[in-house]
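Please look over the sequence and the model shown here.

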Amino acid sequence: LVELAAGDTPDQRSNIRWIDWALAAAFVSTELQWNLLNTAVPAALVQRYGLPASLVGLVIAIGCLAALGYLLALPLLPRVFNKHRPLNLLITYTGMSASWVLMICCVVCWLPAPVFVLGGYMFLAMANASQVVLLECLTGVCDLETSTKVMGISEMLGCAFGMFGSYCGEALLVLGMPAPFLAVGHFSLLSTGLLAVCLGQRRAEIERSAPCVLAAGGGLPTSGRAGGEADDAWLHALHGLRSIVYRQESFIGAELEHRGGAKDGEADGGQPKHSDAETLDRSPLLSPVRLHSGLRCLSELSAASCRSAQGWGLSTAEARRVKRLNAAFQHSHVELDADDHEDADALGPASPIIRLTSLDGFGDHEPMRLDLGDAI
């Protein structure tokens, strides 16, 4: 890794994005929590619940087998267990935090030993699933050399922090049985929150450079206050998290598309620079133009109309709505204006709905207009 890093050129180093290091940090966090678990859970089973030391290893081994069985059965489970990336990563990371909260409740409130063991098994399953998704995300968006560097460095740091976690857990037991669980529980919640913010911010960056946003001149929500850059960053992260939850784009697909479009040059803040020709290339096939109270659908865009697209001032939600309408209109079989087509007399209340040859743009016919309110 040192030899590879020494021979890097600036262009090669630019292949690694900040989100790659954020995912590597999440991997290191799982290693730290794992080694704290290996120290704190056996001590709690022996000292708090009176389990013989000879059975502690058997209990931990059963938990590892249960986690392995969960990973093997995961593809066969219902869709609720197999969400798209990175939502599944957020779910498994949240499950890790929830398992620590459950174990804290067991240690502090003297809940039965089976509940405590269930919390440990839950952590093992969620931690294994989190590491699998992290490796999928890193190897899916990085080439071989880049992923080797990122994962190699994260593995080395993970070993160092894991060793630190083992000694730290042993030292915290001096302060009392709940001490290591409380410490790692707070750390796990903090790690989950930071990971969620990073993924939300990254999704916001990708959406900010999306073709529909560039063409419509839309943007992400802002606080509207002077000097509110920090508030805007939080709003962007929340907007990105909402997009992760409610939309089905995979992390790998969105990242590959974004990095492929931004490889020719990036502006400050991670937004790609686009010339007029590139903007026309990346813009939707049909683009909205305000005309009186409605919208006119254009089948083709000229370079001049594309350059003026950023002045329309449409919101992101309206741009997406119009994009869906435009995309559906090309494949629609509903004739909105029968007078605009040949053989219009053949249409009647009982006639089958058919697609006729459009006369838009020919003769004295007016261009077809699509009213947004009626179409919705």
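Tyr49, Trp100, Phe116, Phe123 and Phe181 make up one aromatic cluster in this predicted model. Across the whole structure, the search returns four aromatic pairs. Rings of Phe, Tyr and Trp (its six-membered ring) pair if their centres lie within 6.5 Å; planes under 30 degrees apart count as stacked, over 60 as edge-to-face and the rest as tilted.

The model is predicted, so local features need pLDDT of at least 70 and side-chain atom pairs count only at pLDDT 80 or more, while totals for chains, interfaces and linings use all residues. Residues are numbered from 1 along each chain as its sequence is written, and side-chain values use heavy atoms, with hydrogens and water left out.

The protein chain has 15 helices and two strands; these are DSSP runs numbered from the N terminus, helices being H or I with at least four residues and strands E with at least two. Of its 376 residues, 41% count as buried. Buried means under 20% relative accessible area, exposed over 50%, and partly exposed in between (1.4 Å probe, protein chains only). The chain exposes about 20,400 Å², of which carbon and sulfur atoms supply 63%; areas come from the Shrake-Rupley method with a 1.4 Å probe, and for residues only the protein chains shown count as cover. Among contacts (heavy atoms within 4.5 Å) between residues at least 6 apart in sequence, 73% join residues at least 24 apart.

The largest nonpolar core holds 53 residues, and Leu23, Phe116, Phe181 and Leu199 touch the most other members. Helices H3, H4, H5, H6, H8 and H11 each give two or more residues to this core, and H3 gives the most, with 15 residues. A nonpolar core is a set of buried Ala, Val, Leu, Ile, Met, Phe, Trp, Tyr and Cys residues joined through side-chain atoms within 4.5 Å. Leaving aside neighbours within four places in sequence, Leu199 is in contact with Ile19, Leu23, Pro86, Leu89, Leu90, Ile244 and Phe251.

Ser99 lies in helix H5 and Ser243 in helix H10 (residues 229–246). Ser99 counts as buried because its relative accessible area is 0%; Ser243 is buried because its relative accessibility is 6%. The contacts in the table leave out residues up to four places away in sequence.

| Residue | Side chain reaches | Distance | Contacts |
|---|---|---|---|
| Ser99 | backbone oxygen of Met96 | 2.5 Å | Gly119, Met122, Phe123 |
| Ser243 | side chain of Glu207 (polar contact) | 2.4 Å | Arg203, Glu207 |

A polar contact is a pair of N or O atoms within 3.5 Å; within protein, one must be able to donate a hydrogen and the other to accept it, and residues adjacent in sequence count only if both atoms are side-chain atoms.

Most residues other than glycine have a negative phi, and most peptide bonds are trans. The peptide bond from Arg85 to Pro86 is cis, with omega near 0°, and Pro86 is in the loop between H4 and H5. Trp110 is not a glycine but has a positive phi of about 55°; Trp110 is placed in the loop between H5 and H6.

Is Trp110 buried or exposed? Trp110 counts as exposed because its relative accessibility is 58%. The charged end of Arg48 sits over the ring of Trp110, 4.1 Å from its centre. A charge sits over a ring if NZ of Lys or CZ of Arg is within 6 Å of the ring centre and within 35 degrees of the ring normal.
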